[in-house]
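I opened my notebook to look up a few local features. My entries follow the structure.

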Amino acid sequence: MTETIDISVEFGKLKLANPVFTASGTCGYADELADFTNINLLGGFITKSITAKPRQGNVPPRVAETDSGMLNAIGLANIGLDAFIQEKLPLIAKLTVPVFVNVAGETIDEYVAVVQRLAAEQAIAGFELNISCPNVAKGGLSFGTDPALVAEITSAAKKAAGDKVLMVKLSPCVTDISVIARAAVEAGADALSLINTFTAMVIDIETRKPVLANKTGGISGPVIKPIAVYLVNKVYNEVAKERGIPILGLGGIRTASDAVEFIIAGASAVAVGTANFVEPNCTVKIIDGIKKYCAGHNITNIKDLTGSLGREIINPPSPPLPAQPSPPPSDSTPSTGSTGTP
């Protein structure tokens with residue numbers, strides 16, 4: 001029954017087989033995940049951040065688990081643009097799934113340089129502009145909280161991206177995320193992804209020091225999901241819907257139910273991050289689960305689900321089967337056995 005359900009989505013100029021991506025920073029450059037799941041079954045893959053020069057990132061410890069999520073302060077550690085092109089791009093070129101490169105930097109010129117150099121690569125479908133990383137001293141969040149800077153960097157990257165899809169990743173650590181989203185869209189963003197992590201801290205009560213060497217990090221995982229759903233719905237209603245801008249929703253997605261929640265809120269697609277560390281094949285299970293949800297609710301095209309919050313349910317779930325009559329008690333019929341009522 002699920003074979004007849006269309007869960008393909010239009011994302012910018014791309015048509016994706018399904019709405020499930022990996023989130024940047026959780027699956028390396030694809031080859032690291034290939035032994036655990038079939039990446040080509042996904043709707044899209046997003047690489048770890050790439051900067052113009054290699055970065056070692058922050059000193060350890062830079063990851064800490066919490067009761068409801070993960071705190072990290074990796075600091076955009078990556079192999080740099082040259083090594084990415086030489087070592088990773090040939091592997092990425094073998095994939096059939098659309099691949100987005102997450103781009104970071106300390107200056108607008110650095111973002112543009114990375115995008116410009118990769119814009120002609122056929123193996124790359126688009127870019128995710130990381131202007132919301134909370135774990136670096138320069139760049140990242142310092143760009144993503146200022147609407148004027150967001151517009152400037154988006155416009156510059158859009159010119160450098162050529163015909164590739166340009167997606168801008170938004171931070172929740174702002175007063176009004178719709179203001180930032182609007183600045184990105186009006187400057188040329190083809191899509192938005194939200195949300196990045198929240199700045200947070202874990203303290204070792206024995207040493208009375210932060211657990212992370214960076215003191216603070218970005219919290220991800222189930223703890224941020226309800227906030228992420230709210231912000232996706234807010235940006236969908238206030239910015240994206242009327243402009244036809246697709247949203248990639250992310251933040252604590254672990255199951256198909258989580259993914260459906262984001263889609264109902266207004267996301268055209270979703271990205272799975274922290275859950276990959278727990279269950280590397282969870283993205284494929286989520287794709288199957290979305291199909292089953294649609295089948296169970298008589299939805300033949302997932303587009304009918306996107307942004308359907310509060311919309312009247314036209315095709316309600318199939319009614320439950322009538323209850324089978326209970327068999328008569330064994331002592332209500334004449335019996336010749338010893339269990340009959342005397």
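I began with terms: helices (H or I, at least four residues) and strands (E, at least two) are DSSP runs, numbered from the N terminus.

I noted that this is a predicted model, where local features need pLDDT of at least 70, side-chain atom pairs count only at pLDDT 80 or more, and totals for chains, interfaces and linings use all residues. Residues are numbered from 1 along each chain as its sequence is written, and side-chain values use heavy atoms, with hydrogens and water left out.

**Backbone**

I read that most residues other than glycine have a negative phi, and most peptide bonds are trans. I then looked up the exceptions here. I found a cis peptide bond between L194 and I195, with omega about 15 degrees. I placed I195 in the loop between strand 10 (191-194) and strand 11 (198-200). Another cis peptide bond joins P60 and P61, with omega about 0 degrees. P61 sits in the loop between strand 4 (45-46) and strand 5. A30 is not a glycine, yet its phi is positive, about 95 degrees. I found A30 in the loop between strand 3 (20-22) and strand 4.

**Helix packing**

At what angle do helix 2 and helix 4 pack? I got about 25 degrees, with the axes of helix 2 and helix 4 (residues 147-161) 8 Å apart. Axes are lines fitted to C-alpha atoms, for helices over the stretch in contact, and angles run from 0 to 180 degrees between N-to-C directions. So helix 2 is roughly parallel to helix 4 (angles under 35 degrees count as roughly parallel). Contact means heavy atoms within 4.5 Å. In this contact, helix 2 gives I108, Y111, V112, V115 and Q116, while helix 4 gives residues including L149, E152 and I153.

I turned to helix 1 (residues 81-92) and helix 2 (residues 108-118): the angle is about 25 degrees, and the axes are 11 Å apart. Therefore helix 1 is roughly parallel to helix 2. L81, D82, F84 and I85 of helix 1 meet A113, V114, R117 and L118 of helix 2.

**Largest pocket**

A pocket is found on a 1 Å grid over the protein atoms alone, as an open set of points where a 1.4 Å probe fits, with protein on both sides within 12 Å along at least five of seven lines; lining residues have an atom within 4 Å of a point. I counted 45 lining residues for the largest pocket, with T26, M70, N72, S220 and T274 nearest its centre. Strand 5 (63-66), strand 6 (69-72), strand 16 (269-272) and helix 8 (275-278) each give two or more residues to the lining.

Conventions. Parallel < 35°, antiparallel > 145°, perpendicular 65-115°, else oblique.
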